[in-house]
Amino acid sequence: MTSTSNSKGIVEDDDEEEEFQHFDDFTVASSWERFISEIEAVCRQWLADGTKNLLVKDALRMDSFKDLYKVKSEFKYAMKSYCMEYYFAISNDGKVAEWDHTLHDLQLSFGVKEFVVIAPQSASGVVLDAPEASKLLSAVAIALSNCSCLWPAFVPVHDPSRKAYIGIQNMGTVFTRRFEADRIGSQVPIKLMHLEGLYELFVSKFAYTTVDWSMHHFEVYFKMKLTYRTPVYDDEDEFQEPDADITGSSENLESGTHGKSQWDDDSPWSKWYSAEDPIKGFELLAIWSEITAESSLDMAELENASPLEAEKWLLYPCLSSNLVGICDGSTIGFASQLRLLIKAFEMSSEAKFIEDFVSGSENLNSSAVVPPPTVLDRVLKDLFHEVTEAQADFSQVEHESSRSIKGAQPESLFAQFCLHALWFGNCSMRAIAVLWIEFVREVRWCWEESQSLPRMPGNGTIDLSTCLINQKLHMLAVCIDKKRREAEGQNIGTSDSVSTQVLENLQTPMNFSASHEVSKGFGRKNERNDSAGVAESMMLLKSCKTMHFPMTQDPPPMTEDMHEERLQAAEALGDSFSFSAQLEKDILASDMSAFKAANQDAVFEDFIRWHSPRDWENDDSHEIGVSQTNPMEEVSEVKWPPRGRLSERMSGNGNSWRKIWNEAPPLPVSEQKPLLDPNREGEKVLHYLETLKPQQLLEQMVCTAFRAAADTLNQTPVGQLKQITTKTRQLYATMASMLKYLQSYNIMSDSDVIDDLRRLCTTFEHIEKLILLAASLHRKFVQSPHLGEAIFSDCYDYYLPNMGTGSGLGDNNTKKEFDKKQRVSSRDRNVIVGMFTPPTANQSWRKVLSMGNLLNGHEPILREIVFSKNDRVSESYYASTNPKLSRQDVETYRMYVCGTSNDLRVALAVTSFD
């Protein structure tokens, strides 16, 4: 019984508490008042939290606006749902920046910084009923007043396309601001197209008169911003060039740009592709600030003024979407084609021979399309038959770090082949195979017909820092040159003097006299075919006769695989001491035979004194050579024989050099066997090219294509841009580190190498875009390079955070518009005016000019004006009760006007003393 009575008591207590918790507040009599109470509670909570706590809680950043955040809360009233949003900025200056396009529309229209917007949760998001809008705005205003909050409140009204608002702001116990904004989307009255009509519209808000406005003076402050955009011409306006013969590779046929003047016609990359201009144009902002007008005539005079009279000019580049888009290869350029080459490289291991991709199984050649024979003939014609001049010195177009990449010089035959392959048949493996087979056939034709190999030097030392195919082509060019000269009966492969290496190794006294006497000997008529000159300061040790410099053969050129073969052969001999002699035995034996033929009484020591002076150790250096003070002294004054001996290296038992000396017959160069057999070496080169495996070909093509593409872009004139120099140097370093292991890469199943190459393509695309941007700006600002450099620096800082990543600036997580503007000084304004070319007769009839302030015949695309009128509080009823207010100027009227001749938006703010 006790427990039952206790439980009943507990139940009664709970009922009393429940009744107490759900009591009715009879001070809030209606649903509208409860609605106000709910709004007030939310506003008090936002005020108590402050901006810092709101950022921590649930504030959302507005992506399209700078430093603007919002929080929101939902309400229900009269069977409808409403959403109230509070917008605030985190800066503490309390002012709104002037003409900042990153501001919210309401901030720009009414000059407010933080504000509240309440709107119905409907499809339109606006209040279509005027009484409902007034009642909703009153509810928010009462709630904000109860909180002692000074936030302006807005309600969107009418049709959403009109961007119309009504609003109110409690500015304290004295002032109240009311807001109203609306838009005319078409058929703007002619009067409102001009500054004079807009001035009269603003004056009509506070001057109640029916007389002519031009006869009265109303002091009004205003500021104006005019936006101009450089003209973009369509196909009818483009300059048509005369038709020319179509020569070049397949990319010119596909681009379809013949007859039109392109912005990059004379750029280094224009032979391969036509790039879209990353600068689509410029927007010029001409700003007038704090101007006073007293009549409509002043406004009419200002409308006829030139934009050159504006106080401030700001220039803003319109960037192409390709520049700020994702770097995925969708933009045509070197990077996009290099990605296709990487795919072909990945596929190259599927066959053992190049021909398999042309006539092999269906899975190898069915998916790729090969260009027609006419395109192939045009590529071969460019490679072999339209070379304007032999370019043996490629260093002029190379970057200083280019040689760290094992490819080929950009103007060499193989580098040009690789660049053509990038654009031939979409760079598929089958298209590359077809092009390579025809390329090798054309090379063989040059060999068989003894025609010089174009784009390759016919002499000189083979550059072992290049790829093996380039070395082989250089070797073949040398063989063709020697073969042709042999057929013409010329004496080839000889050196008329002592080699440069020998002259450099001569000791100082001997070097001076030898060089003097050699030049002296060359001046004489030399009737001996085996002697290149007389060294009167050097005599033979045994016979004391004057030494003759022999005519020697040039060292034969060697590719890196030939060096490896000789190294392997020398290592097989196992004689480490005679390693150097074995490696150069043929050359050494030829030099010894020529020396014996030129000096019949010579001994081994004489040859060492001439060929390797460092291996002859003098007891007294002054006993050798003529006197330094009188080099023209007679030879009889020279102390002879010189006191010296062979070095330890040459005097050892079993020395290989002495053995070769003893075996070498005295033969002049004309009777010696050539060190280089051009027929044998030429056929070996062709055999290598014809039997090259697909994977080996693609490995060298990838390295060469990256290097040649980078060297081509490096030729672009961009002015003094340190960012481009730095990024280009980093690109070469990145390519060198990623490509150095490629030609030793044999396991195609390893996807890490392919992934690294694809990442390299992304990095290459970033640099390529920056170079195109720099080139475009450099062309447009030739007369004001400092302005172009400043704009590029802004674009570079905007683009830099996404370089090296797979995603571009179009990614949702990093979406941000470029908003930097450059101040244009007075001296640079004429350069900008030159960008606005006067409209042609064909363009003039297309549009009727409706606004003034023309710039070279172009009207502004947007005009923004802020009218304002200030009044002293001392003239009002409240001035006597509040001495502080009597000394203040209050902006009683403010009107923001934005639009063109076909679109006009007006926002009015009125401050009243009530």
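Tutor: Take E219, which counts as partly exposed because its relative accessibility is 47%; the term covers what falls between buried, under 20% relative accessible area, and exposed, over 50%, with a 1.4 Å probe and protein chains only. The model is a predicted one, in which local features need pLDDT of at least 70, side-chain atom pairs count only at pLDDT 80 or more, and totals for chains, interfaces and linings use all residues. Residues are numbered from 1 along each chain as its sequence is written, and side-chain values use heavy atoms, with hydrogens and water left out.

E219 sits in the loop between α5 (195-203) and β8 (220-229). Helices (H or I, at least four residues) and strands (E, at least two) are DSSP runs, numbered from the N terminus. Together with E294, D298, E301 and E309, E219 forms a negative surface patch. Patch members have over 30% relative accessible area and no salt bridge, and like charges are joined within 9 Å. A salt bridge here is a side-chain nitrogen of Lys or Arg within 4 Å of a carboxyl oxygen of Asp or Glu. Asp and Glu count as negative, Lys and Arg as positive, while His and the chain ends are not counted. The place of a charge is CG for Asp, CD for Glu, NZ for Lys and CZ for Arg. Accessible areas come from the Shrake-Rupley method with a 1.4 Å probe, and for residues only the protein chains shown count as cover.

For a contrast, turn to P152, in the loop between α4 (130-146) and β5 (153-157). P152 is buried because its relative accessible area is 3%. Beyond its neighbours within four places in sequence, P152 is in contact (heavy atoms within 4.5 Å) with V112, E114, F115, V116, I168, Q169 and F179. T176 is 24 residues from P152 along the chain, and their C-alpha atoms are 9.9 Å apart.

Of its 914 residues, 49% count as buried. Among contacts between residues at least 6 apart in sequence, 72% join residues at least 24 apart. The protein exposes about 46,000 Å², of which carbon and sulfur atoms supply 50%.

Conventions: Patches are made of residues with over 30% relative accessible area and no salt bridge: like charges are joined within 9 Å, nonpolar side chains (Val, Leu, Ile, Met, Phe, Trp, Tyr) within 5 Å.
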